[in-house]
Amino acid sequence: MELIFLGTTAAIPSAARGHSAIALKYNNEVILWDCGEGTQRQLITSKTSFMKIKKIFITHFHGDHFLGLPGLIQTLSFARRKEDLNIYGPEGIKEIVKNILELGEYTLSYKIKVYEIFNGFELKEKKYRIKAIRVEHSIPCYGLIFQEEKGRVFLVEKAKALGLKPGPAYKKLQLGEKVKLGNKWIYPEDVLGEKKRGIKIVYSSDTRPCENVLKNCENAILIHDSTFDHELLENAIETKHSTCVEAAEVAKKGKAVRLYLTHISPRYKTSEKLLNQAREVFKNVEVAEDLLRVKLRSKDFGR
């Protein structure tokens, strides 16, 4: 699994930072969180296949988070995509996609399926789930939680004690099937322990520090709004954004594993001030830069 920060600026792009977009590569799929202007070029630069994008989540309708959609949708069609594309967003997303499809002269080569998200919305797949949580911004806005689904720990020594040898029987039991050994049945619960902890990622999107993010970021990678340094707290309050210190406080109180600061105001030419202030509160923090790649491993998240 890999996170790729495609765009990390706030509102206005700079020479170093593009509009908001994060790609999550999981197995043979790319999930896109927000799609600001210029996202498709960042995908190409990062060598992330836009043809593997199966789902796009738009957190809210400020332009820096969704105005990359028209170009990406048309590019996928020019590339003769056939697979359905799923787009998720707040109430109004269906009308926005409808309007996008009426821009310019082109023929769509694939189907787009559009879904509205709400507080508590949950998409369940076999190996992961994605949940939407309402956050505190100037317009309706949703944070996103990715939770990898893992199986239970296989107790090898217990299986051996029951007379089972390594092989197909182990796999069947891990898949929840019972197996027969001689004249007795062995059930999954006989050899399975606690559920493994999969990778968890929380993306706050644009927000003031809020309870919905705080209570969901335990044992997670937290990607949090950090538009301002803490000397500009009043600006953050007025615009419904967060400072780097506030993001660090959420990570600390919420017991996050790691913190990435994003949505950085273009006033900052370097990230040093934001990083230093945040590290006074939470040590395991990094300021995300455009095209930063983060490899994720289950063992970093506990069991």
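**Questions on a predicted fold: sheets, helices and spaces**

Q: What percentage of the contacts in the chain with a separation of 6 or more is accounted for by residues 24 or more positions apart?
A: The model is predicted, with local features needing pLDDT of at least 70 and side-chain atom pairs pLDDT 80 or more, whereas totals for chains, interfaces and linings use all residues. Residues are numbered from 1 along each chain as its sequence is written, and side-chain values use heavy atoms, with hydrogens and water left out. A contact means heavy atoms within 4.5 Å. For contacts with a separation of 6 or more, the share from residues 24 or more positions apart is 65%.

Q: How many helices and strands does the secondary structure of the chain come to?
A: Both kinds of element are DSSP runs numbered from the N terminus: helices are H or I with at least four residues, and strands are E with at least two. The C-alpha trace that carries them spans about 70 × 55 × 30 Å along its principal axes. The count is 10 helices and 18 strands.

Q: Which residue of β14 is the bridge partner of Phe 146?
A: Strands of a sheet pair through backbone hydrogen bonds, either parallel or antiparallel. Strand β9 (residues 142-148) and strand β14 (residues 200-203) pair in the antiparallel sense over four bridges. Within β14, the partner of Phe 146 is Ile 201.

Q: How many residues in the lining of the largest pocket are charged?
A: On a 1 Å grid over the protein atoms alone, a pocket is an open set of points with protein on both sides within 12 Å along at least five of seven lines, a cavity is a set where a 1.4 Å probe fits but cannot get out, and lining residues have an atom within 4 Å of a point. Grid points are joined across faces, edges and corners, and a volume is the space filled by probe spheres set on the points, which for this pocket is about 310 Å³. The lining includes Tyr 26, Glu 148, Lys 171 and Lys 196. With Ala, Val, Leu, Ile, Met, Phe, Trp, Tyr, Cys and Pro counted as nonpolar, Asp, Glu, Lys and Arg as charged, and the others, Gly among them, as polar, the lining has two nonpolar and two polar residues, and the number charged is seven.

Q: How much space lies in the largest cavity?
A: A search of the whole structure finds one cavity of 30 Å³ or more. Among the residues lining the largest cavity are His 65, Tyr 203, Asp 206 and His 263, and by class the lining has three nonpolar, six polar and one charged residues. The space is about 40 Å³.

Q: Why does Thr 207 count as buried?
A: Buried means under 20% relative accessible area, exposed over 50%, and partly exposed in between, with a 1.4 Å probe and protein chains only. Thr 207 is found in the loop between β14 and α7 (211-214). Leaving aside neighbours within four places in sequence, its contacts include Val 135, His 224 and Lys 240. Thr 207 counts as buried because its relative accessibility is 0%.

Q: What is the relative accessible area of Ala 79?
A: Ala 79 has its place in the loop between α2 (69-78) and β5 (85-89). Beyond its neighbours within four places in sequence, Ala 79 is in contact with Phe 50 and Met 51. Ala 79 is partly exposed, at 35%.

Key. Two strands pair if DSSP finds at least two bridges between them.
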